[in-house]
Amino acid sequence: MKKKKKYVPDALAGKVADIPASFYKARGIRAVLSDLDNTLATYGEPFPSQGLKDYVRSLGEEGIAFYIASNNTGKRVTAFAEALGVESCHALFKPSSFFLKRFLKKKGLKPEECAFVGDQCATDVKSGNGAGLFTILVDHLSAHRPLLTKINGIMDEHYRKIVLSKGLAPDWRNL
Ligand SMILES: [Mg+2]
C-alpha cells in the first residue's frame, strides 16, 4: 500500500460533535484532541456553546477524554478549555508534531489510542498524522479567518481540495 500523505486525514466529518462516542470506542480510541479555532468555535467566540458542552459530557460518560490542542495563545485556549471543563495545550506550532507528542507523553496517552480533529489539513491533520493519531478533518465553522492565519489558509485550501476532489478520505459514517 502506498504510504498515506501527511496532509490526508483518516476520515471526514461535518463537525466535531457529529461523531458519537461509539465511533471512537469501536476503534479503541480513549482520547479526542481537538483544534479550537474554526473547529470548536469561530475565531471571535470566547466560550463554548451549550451543544459543545453536552457533546464533551457525552464522550466523558463513555470514558473518552477530550482535550483542546491549539496553536493559539494560552489566554484564549485556557479560558475556553476551562469553560468547557477540559484540559488543553496551546502554542502547539502545528503542523509540527513535536509539542503534540510531548503533550501525549505528559498525559500518558498512546498515539494509537487518540484521535485528532481539526479544520485544517495543513496544520491539524499534518500534525496529528505526524504524531501517529487517527485524524479527522471537519468543515470550517466560518469562512472568516484572521489575517495572520491566511497564509496557512492558502496551503490548507489547496490540500483540502486535493483530498476532497480525489476522494482520498472517507466520510466517518462509511468506516
Ligand atoms: Mg482551526
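Colleague: Let's start with Ala91: is Ala91 buried or exposed?
Modeller: Keep in mind that this is a predicted model. Ala91 sits in the loop between β4 and α4, and its phi is positive, about 45°, although it is not a glycine. Ala91 has 12 C-beta neighbours inside 10 Å, and 12 or fewer is the cut-off, so Ala91 counts as exposed.

Colleague: And Asn38, is that buried or exposed?
Modeller: Asn38 lies in the loop between β2 (31–34) and α2 (50–61). Its phi is near 70°, a positive value in a residue other than glycine. For Asn38 the count is 22 C-beta neighbours inside 10 Å, and being buried takes 20 or more, so Asn38 is buried.

Colleague: Stepping back, in what order do the elements of the chain run?
Modeller: The chain has six helices and six strands. Its radius of gyration is 15 Å, close to the 16 Å that the globule rule gives for 175 residues, so the chain is as compact as a globular protein of that length. The C-alpha atoms fill a box of roughly 40 × 40 × 30 Å along the principal axes. From the N terminus on, the order is β-α-β-α-β-α-β-α-β-α-β-α.

Colleague: Which residue in β4 is the bridge partner of Ala69?
Modeller: Strand β3 (residues 65–69) runs parallel to β4, and three bridges join them. One of the residues involved is Ala69, whose partner in β4 is Cys89.

Colleague: While we're in β4, is Glu87 buried, exposed or partly exposed?
Modeller: Glu87 belongs to strand β4 and touches Tyr67 and Ala81, leaving out residues up to four places away in sequence. Glu87 has 15 C-beta neighbours inside 10 Å, while buried needs 20 or more and exposed 12 or fewer, so Glu87 is partly exposed.

Colleague: What about β6, how many of its five residues are buried?
Modeller: Phe134, Ile136 and Val138 point one way from β6, while Thr135 and Leu137 point the other way, and all are buried. In general, side chains in a regular strand alternate between the two faces of the sheet. Strand β6 (residues 134–138) is largely enclosed by the rest of the structure, because the buried count is five of the five.

Colleague: Which residue in β6 is the bridge partner of Gly118?
Modeller: β6 pairs with β1 in the parallel sense over three bridges, and there Ala11 has Ile136 as its partner in β6. With strand β5 (residues 114–118), β6 also pairs in the parallel sense, over four bridges. For Gly118, the partner in β6 is Leu137.

Colleague: Which residues touch the most other members of the largest nonpolar core?
Modeller: Nonpolar side chains tend to be buried together in soluble globular proteins. Here, the largest nonpolar core has 42 residues. Leaving aside neighbours within four places in sequence, Ala115 is in contact with Tyr24, Ile29, Val32, Leu133, Phe134 and Ile136. The residues touching the most other core members are Val32 and Ala115.

Colleague: Last one: are α5 and α6 roughly parallel or roughly perpendicular to each other?
Modeller: Cys121, Ala122 and Thr123 in α5 meet several residues of α6, among them Asn152, Met155 and Tyr159. The axes of α5 (residues 121–130) and α6 (residues 150–165) come within 8 Å and cross at roughly 70°. Angles of 65 to 115 degrees count as roughly perpendicular. The two helices, α5 and α6, are therefore roughly perpendicular.

Conventions
Residues numbered from 1 in each chain as written. Predicted model: local features only at pLDDT ≥ 70, side-chain atom pairs only at ≥ 80, totals over all residues. Core = buried A, V, L, I, M, F, W, Y, C linked by C-beta atoms within 7 Å. Contact = placed C-beta atoms within 7 Å. Pairing = 2+ DSSP bridges. Rg over C-alpha atoms; globule rule 2.2 N^0.38 Å. Axes fitted to C-alpha atoms, helices over the stretch in contact; angles between N-to-C directions. Parallel < 35°, antiparallel > 145°, perpendicular 65-115°, else oblique.
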